[in-house]
Each structure stands twice: as C-alpha cells, then as structure tokens.
Amino acid sequence: MREEEIKRKRTESRLVELIPEALSAMNDNRINGLSVTEVICSRGRYDAKVYLDKSYLTEKEQSEALKQLRVVSGYLSTYIRESEGWYKSPKFTFEFDTQLEEISKIENLFKEIGKRHNKEDKIDES
C-alpha cells in the first residue's frame, strides 16, 4: 500500500468515528442517532461519501434525514476541522447503505439453492 492510500484509509477511519460524534451533539432527532457504516474518500481526500445505516428508518425518515444532513454538512466540516486540527475537511455526500440488504438477499438465495439441492438428493435416493 502506498503512503497516499494509507493516509486516505486513516482519514476514512477517523471520519467514521467523528461524524457520529458530531451528529450526536446536535439537537435534531432525525440525525443524531444515525450510524455511519463506511466512509470512502476521493483520491485527494477532497470529497467523502458517507454511508449510513438505514435499518430502523422508513423511506420518509430517510429522505428527511438526507435533507437535514445536507443542511448541517457545513457544521460537520467545521467540527471535524476543529477537532482534528485539519486545514480543510472533505465535502460530504450522504447515502444510505444497502449492502446489508444485498447480503441478506444473497444468503436467502443460497438457502433456497440448498433446499432445492436437498430435495433433489431425496428424490434420487428414492
């Protein structure tokens, strides 16, 4: 791994910790309990895509949370710059993470394949 990649990974790791900390300090119930699942920074660390856990939110709550996060992104940048002593902070974009849903779908497919395979084995034994 090159030095630039190490710095980017370190920044991503630190942002995963700092963003929920900053959100929890806010008095907005729509966003102060959100969990960050992953942060992916651009190559120059100018932009960061923040993935959030949506497991307990409805569609309406998700859209409200995204709107509010866009509003407070300036506060988040300031909070992170001040807490880390950075000269600049990445520009944040927020998305809800669908990876858990996709993993669940894949697991269900494997279970279904397993059931069909077991049925075929029982038929062959007969």
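Okay, ground rules. What you're looking at is a predicted model, where local features need pLDDT of at least 70 and side-chain atom pairs count only at pLDDT 80 or more, while totals for chains, interfaces and linings use all residues. Residues are numbered from 1 along each chain as its sequence is written, and side-chain values use heavy atoms, with hydrogens and water left out.

Let's start with the overall build. The protein chain has 3 helices and 3 strands, in the order α-β-β-α-β-α along the sequence. Those are DSSP runs numbered from the N terminus: H or I of at least four residues for helices, E of at least two for strands. The radius of gyration is 20 Å, well over the 14 Å that the globule rule gives for 126 residues, so the chain is more spread out than a compact globule. That radius is taken over C-alpha atoms, and the rule is 2.2 Å times the number of residues to the power 0.38. The C-alpha trace spans about 70 × 40 × 15 Å along its principal axes. And 30% of the 126 residues count as buried, meaning under 20% relative accessible area, with exposed over 50% and partly exposed in between, using a 1.4 Å probe and protein chains only.

Now the strands. β2, residues 47-52, pairs with β3 in the parallel sense over 6 bridges; for pairing, DSSP has to find at least two bridges between the strands. One bit of that: Tyr51 has Glu95 in β3 as its bridge partner. To get from β2 to β3, the chain goes through helix α2, residues 59-84, and this β-α-β crossover is right-handed. In other words, with the strands pointing away from you, the path from the first strand over the helix to the second runs clockwise.

So which residues of β3 sit on its covered face? Phe92, Phe94 and Phe96 do, while Lys91, Thr93 and Glu95 are on the uncovered one. Phe92 and Phe94 are both buried.

Last topic, aromatics. The whole structure gives 2 aromatic pairs, with ring centres of Phe, Tyr or Trp (its six-membered ring) within 6.5 Å; planes under 30 degrees apart are stacked, over 60 edge-to-face, and the rest tilted. Tyr75 and Tyr79 make a tilted pair, 6.1 Å centre to centre with 40° between the planes. They're 4 residues apart in helix α2, so about one helical turn separates them. Tyr75 is partly exposed, at 37% relative accessibility. Then there's Phe92 with Phe94: centres 6.2 Å apart and planes at 35°, so that pair is tilted.
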